[in-house]
Amino acid sequence: MEKCLVCGAGICEDKPLKSGKYNIYKCYSCGLVFSSPLPTQEELNKYYQGFVFEKPNEREISRLIKKSQIQLKELFKLNTNSKNKLFLDYGGGVGINWKAAKDSGLISYYFDIDRQAEDFAKTNLGLTNENILSVNNNSLTFDYILCDNVIEHIPDPSKLIESLFSKLNPGGKLILKTPAASNTETFFIPRVLYIYLKKSLQQNSIGKALTYTFKHKYHHCDPPRHIYSFSKESLKILLEKIIDENSHIKFNYYSIPLFKYAFFNQFKMANNSFLKILLFIILFPFILLESILELCRIILVKARVLKPSGLIAVIEKNY
Ligand SMILES: [Zn+2]
């Protein structure tokens, strides 16, 4: 019998969802959705080679940095005393948070396994080797560490969290952000739901695909990309094995920004403005419907009717 990789409970599922060469299981004891087998490091290195990331254009960069500054201030409760404290963005991608922290007066460090993303940050945001976490400065410790949408990609998230927690100064904060398992907010984002349903139909019966999509709500687990989808309970169990009892763990949620994954957001891909206008006119009824759905989503998440799509764990190290 398959066992949950976090809480160890037995999973009574003879026919899991097939996804490529992986099987997807859901633990009804702690809520974890996970892949079995886990991808090997070799498979992951190959997968992330030239991994396509979202490259923002020049106009978007400054807007995203401002947005990130607001987010970092709120997440880490930054104030005037935070100036010159050490910050690390682990899994920094194109470097937006690294730059936002730097512009907020922090001494900002960056790490990402994706070389293309690192080069983008160097070329466009002024990242230099001195600010990249490497074997040369591996003994550095930090006051603030952000690990945004990383733990769900890693075969051994415990090991990563343990290593990040050890890099935290007393009184420092480690913030983990990850998609929330089996959230209901995703049901209001047709494009995301469509992607998962379509994928599950490729190798599974209609009944199994529907059960996993609507009952088990397996969305956000798509190996070898996302290996895990954490519920609050499963992440709590994982963290309590690592974090000493004098340190504090708090949980919060975040939501997907308005229109981020809307079908019509794809218009940006069409370069020709005539084509954009034509598409807009033809698809207007659908756009209107999707906009109404998006507004309903925001309202229902605020009212806590829908479970938000993202989970935040705030870990404060004891003095
Ligand atoms: Zn479990």
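1. I249 counts as partly exposed because it has 16 C-beta neighbours inside 10 Å; on this scale a residue is buried if 20 or more other C-beta atoms lie within 10 Å of its own, exposed if 12 or fewer, and partly exposed in between, with C-beta atoms placed from the backbone. The residue lies in strand β11, where strands (E, at least two residues) and helices (H or I, at least four) are DSSP runs numbered from the N terminus. Leaving aside residues up to four places away in sequence, I249 touches K236, L239, I243, A313 and I315, a contact being two residues whose C-beta atoms, placed from the backbone, lie within 7 Å. I249 and F165 are 84 residues apart in sequence, and their C-alpha atoms are 12 Å apart in space.

2. A word on what is being read here: this is a predicted model, in which local features need pLDDT of at least 70 and side-chain atom pairs count only at pLDDT 80 or more, while totals for chains, interfaces and linings use all residues. Residues are numbered from 1 along each chain as its sequence is written.

3. On the chain as a whole, the protein has ten helices and twelve strands, and its C-alpha atoms fill a box of roughly 55 × 55 × 40 Å along the principal axes. A compact globule of 319 residues would have a radius of gyration near 20 Å, and the protein chain has 20 Å, which agrees; the radius is taken over C-alpha atoms, and the globule rule is 2.2 Å times the number of residues to the power 0.38. Of the 319 residues, 36% count as buried. Among contacts between residues at least 6 apart in sequence, 70% join residues at least 24 apart.

4. Six strands form an open sheet in the order β7-β6-β8-β9-β12-β11, with mixed pairing, where two strands are said to pair if DSSP finds at least two bridges between them. The edge strands are β7 (107-111) and β11 (248-254), each of which pairs on one side only. From one strand to the next, the twist averages 15°.

5. Strand β12 (residues 310-316) pairs with β11 in the antiparallel sense over seven bridges, and β9 and β12 also pair in the antiparallel sense over seven bridges. The covered face of β12 carries L311, A313 and I315, whereas the uncovered one carries G310, I312, V314 and E316.

6. Helix α5 (residues 157-166) lies across β6 (86-90), β8 (142-148), β9 (168-179) and β12, and runs at about 150° to β9.

7. A second open sheet is formed by four strands in the order β3-β4-β5-β10, and here the pairing is antiparallel. Its edge strands, β3 (17-19) and β10 (228-229), each pair on one side only. Three bridges join β3 to strand β4 (residues 22-26), and the bridge partner of K18 in β4 is N23.

8. The axes of helix α2 (residues 58-76) and helix α3 (residues 96-103) come within 8 Å and cross at roughly 70°; axes are lines fitted to C-alpha atoms, for helices over the stretch in contact, and angles run from 0 to 180 degrees between N-to-C directions. That makes α2 roughly perpendicular to α3, given that angles of 65 to 115 degrees count as roughly perpendicular, under 35 as roughly parallel, over 145 as roughly antiparallel and the rest as oblique. The contact is made by L64, I65, S68, Q69 and L72 of α2 and by I96, N97, K99, A100, A101 and D103 of α3.

9. Finally, is D119 buried or exposed? D119 is exposed, because it has 12 other C-beta atoms within 10 Å. The residue lies in helix α4 (residues 115-125), and its C-alpha atom is separated by 35 Å from that of K236, which is 117 residues away along the chain.
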